[in-house]
Amino acid sequence: MKKIFWILILSAGIIACRNNDDKADAYGNFEATEVMVSAMAQGEIFSLVIEEGQELKAGEIIGLIDTTELFLKEEQLIKGIEAVRTRLLTIKAQMDVQIQQKKNLVVNQKRLEKLFSDGAATQKQVDDINGAVDLINAQITATSSQEQQVLAEIETMNIQVDQVKEKLSKCYISNPVDGTVLIKYAEAGEVAAPGKPLFKIADLSLMKLKVYVSGDQLPHIKIGQKVEVQIDKTKKENSSLGGTISWISSTAEFTPKTIQTKEERVTLVYAVKILVPNDGSMKIGMPGEVNF
């Protein structure tokens, strides 16, 4: 009888050890880096060709917001620049005439100075030609100033054109990252405004399992460490995957209420994130286990 009693005790101990060995080191839920894509322009959404669950590439153009007003503004500025350039041509032609006039006056000035030195010209004639040269120099300076003002005006209008082009580029809805569309918030025909959410996207190819470890476990893990991750396969079986510790919190916190018992919620733990390549079986919010 005693022999049977000790056999039962040993059997219970072995089963307890096995159950204890089967217990995971930490539990948590899978996350992904989600990106909220918002409109960057004001106007009617002409098209938004995406569906929830669709995979998109970074930089892919997937929609368009009404560009009519901005297009007309750009055309107006371009026509204005052309008109200002016509004024610039007139000013340059005027300056060419003034420069030629100055050349002629300088020739006469030198001739009169020579004649005056020979006593064949009067002081008044010399003063008149000098005054004429000074006057044409002042006229050239004034015309040059007008030219600079027109050039500055053209430069300002070119900057305005660049600003309109920048706004036009924001009317094209571009996908920022590789990933899968999670939620679509807008449809073609609706009015968009800067900051209005259009869709949410996340890269599901690499998931993050966020778990919590105790202070006793902390010395035995490190960033870059390879670990075993398990997810539910059936009611009784798990699927095993490989993961890598990518982040360990530097501060302790209380155990989250949603995944632990009341007694364990008062325990201080450290958050840990594990990167796990997704074979398609992992979803955001799915529970997971990890063995270090």
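The exercises below work through a helix, a sheet and a pocket of a predicted model.

**Exercise 1.** Find what span helix α2 should have, and compare it with the distance between its end C-alpha atoms.

*Solution.* Step 1: helix α2 covers residues 68-117, which is 50 residues. Step 2: the expected span is 1.5 Å times one less than the number of residues, so α2 should span 74 Å. Step 4: for the backbone just after α2, look at glycine 119, where phi is positive, about 85°.

**Exercise 2.** Give the order of the four strands in the open sheet, and state whether the pairing is parallel or antiparallel.

*Solution.* Step 1: the strand order is β6-β5-β3-β8, and the pairing is antiparallel. Step 2: β6 (172-174) and β8 (191-192) are the edge strands, each pairing on one side only. Step 3: take the pair of β6 with β5 (residues 61-65), which is joined by three bridges. Step 4: within this pair, isoleucine 61 lies opposite serine 174 of β6.

**Exercise 3.** Describe the second largest pocket: what is its volume, and which helix gives the most to its lining?

*Solution.* Step 1: the volume is about 180 Å³. Step 2: list the lining, namely Met40, Ala41, Gln42, Gly43, Asp66, Thr67, Thr68, Glu69, Leu70, Lys167, Lys170 and Cys171. Step 3: α2 contributes the most to this lining, with three residues. Step 4: sorted by class, the lining residues are four nonpolar, four polar and four charged.

Methods:
Residues numbered from 1 in each chain as written. Predicted model: local features only at pLDDT ≥ 70, side-chain atom pairs only at ≥ 80, totals over all residues. Heavy atoms only, no water. Helix = DSSP H or I, 4+ residues; strand = E, 2+ residues; numbered from the N terminus. 1 Å grid on protein atoms, 1.4 Å probe; cavity = no way out; pocket = protein on both sides within 12 Å on 5 of 7 lines; lining within 4 Å. Points joined across faces, edges and corners; volume = space filled by probe spheres on them. Nonpolar A, V, L, I, M, F, W, Y, C, P; charged D, E, K, R; others polar. Pairing = 2+ DSSP bridges.
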